[in-house]
Amino acid sequence: MTEEQNGGVVDHPVVATVINPVPGNRDVFSAILESVTQSIASSAKGTGLTGAPLLDAVSGVVAAAAREAVEKGGDLVPGTKAIIMGVIRGTGATNEEALKILSHAAKIIIHHTADRNGNLAAAIKGIVLGAIASARTMGVDTARAASTAAQGALEGASQAGSVTVERVLGALKEPIGGKKVLLPEPLAT
């Protein structure tokens with residue numbers, strides 16, 4: 001598969017497996033979860049990636065999955081939740097490393113959702129729900145996972161512009177998963 005990037009075309013085999021999920025009668029959540037998990041796992045474990053190269057691989061897989069979810073339309077909540085859960089499961093990372101990857105994935109999802117005029121409120125809700133559902137796997141508490149995901153989403157929003165930041169902040173002020181997401185102090189107001 002080729003992908004246009006900075007005016008050129010780039011071959012990216014990992015992206016191809018995300019965009020063409022395994023066919024079948026499964027729901028969107030399951031298809032995305034499996035596809036992202038497998039793509040991340042093959043990139044991370046198959047080649048032994050860590051640090052910045054791992055984040056680059058995560059970026060490619062997450063960007064492709066987020067673009068596909070937005071372009072297909074429908075509810076982004078299960079799609080973005082599945083992307084986050086797939087990234088965490090696929091990397092197998094825990095504690096601080098997992099939180100760094102979580103924040104990075106949230107940033108990429110929001111950035112690509114905003115670029116395609118997707119529903120940012122639904123995307124952020126799915127991101128936070130995915131973080132909460134993955135907290136045990138990461139070895140962190142749910143509040144910290146949700147807060148880290150929100151911070152990453154806000155970083156992605158800031159790259160997309162002030163209107164995106166306002167929309168993401170608005171969505172984060174509502175309870176997600178039955179709980180209020182804690183934001184960093186300067187942004188909490």
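Which residues have the most contacts inside the largest nonpolar core, and how many residues does this core have? I note first that I am working from a predicted model. The core has 59 residues. Those with the most contacts inside it are I83, V87, L102, I110 and L172.

I took V87 as an example. Apart from neighbours within four places in sequence, V87 contacts V36, I40, V58, V62, I101 and A105.

Next entry: α3 against α5. I found that their axes come within 9 Å and cross at roughly 40°. The crossing of α3 over α5 is right-handed. On the α3 side I listed L54, L55, V58, S59, V62, A63, A66, R67 and V70, and on the α5 side E97, K100, I101, H104, A105, I108, I109, H112 and T113. Sorted by class, this contact has eleven nonpolar, four polar and three charged residues.

I looked at one residue from each side. S59 lies in helix α3, which spans residues 51-72. Is S59 buried or exposed? Its relative accessible area is 18%, so S59 counts as buried, the cut-off being under 20%. Leaving out residues up to four places away in sequence, S59 touches H104 and I108.

I109 belongs to helix α5, residues 95-115. I109 has 0% relative accessibility and is therefore buried. With residues up to four places away in sequence set aside, I109 touches V62, A66, T80, I83, I84 and I127. I also looked up A157, which is 48 residues from I109 along the chain; their C-alpha atoms are 9.5 Å apart.

Last entry: α5 against α7. I read an angle of about 40° and an axis separation of 7 Å. Are the two helices parallel or oblique to each other? Angles under 35 degrees count as roughly parallel and 65 to 115 as roughly perpendicular, so at about 40° α5 and α7 are oblique. α5 passes α7 in a right-handed crossing. From α5 I noted E96, L99, L102, S103, A106, K107, I110, H111 and A114, which meet R144, A145, T148, A149, G152, A153, E155, G156, A157, Q159 and A160 of α7. By class, I have ten nonpolar, six polar and four charged residues in this contact. L102 and I110, on the α5 side here, are among the residues with the most contacts inside the largest nonpolar core.

Key:
Residues are numbered from 1 along each chain as its sequence is written. This is a predicted model: local features need pLDDT of at least 70, side-chain atom pairs count only at pLDDT 80 or more; totals for chains, interfaces and linings use all residues. Side-chain values use heavy atoms; hydrogens and water are left out. Helices (H or I, at least four residues) and strands (E, at least two) are DSSP runs, numbered from the N terminus. Buried means under 20% relative accessible area, exposed over 50%, partly exposed in between (1.4 Å probe, protein chains only). Contact means heavy atoms within 4.5 Å. A nonpolar core is a set of buried Ala, Val, Leu, Ile, Met, Phe, Trp, Tyr and Cys residues joined through side-chain atoms within 4.5 Å. Axes are lines fitted to C-alpha atoms, for helices over the stretch in contact, and angles run from 0 to 180 degrees between N-to-C directions. A crossing is left-handed if the near helix is turned anticlockwise from the far one by less than a right angle, and right-handed if clockwise. Ala, Val, Leu, Ile, Met, Phe, Trp, Tyr, Cys and Pro count as nonpolar, Asp, Glu, Lys and Arg as charged, and the others, Gly among them, as polar. Angles under 35 degrees count as roughly parallel, over 145 as roughly antiparallel, 65 to 115 as roughly perpendicular and the rest as oblique.
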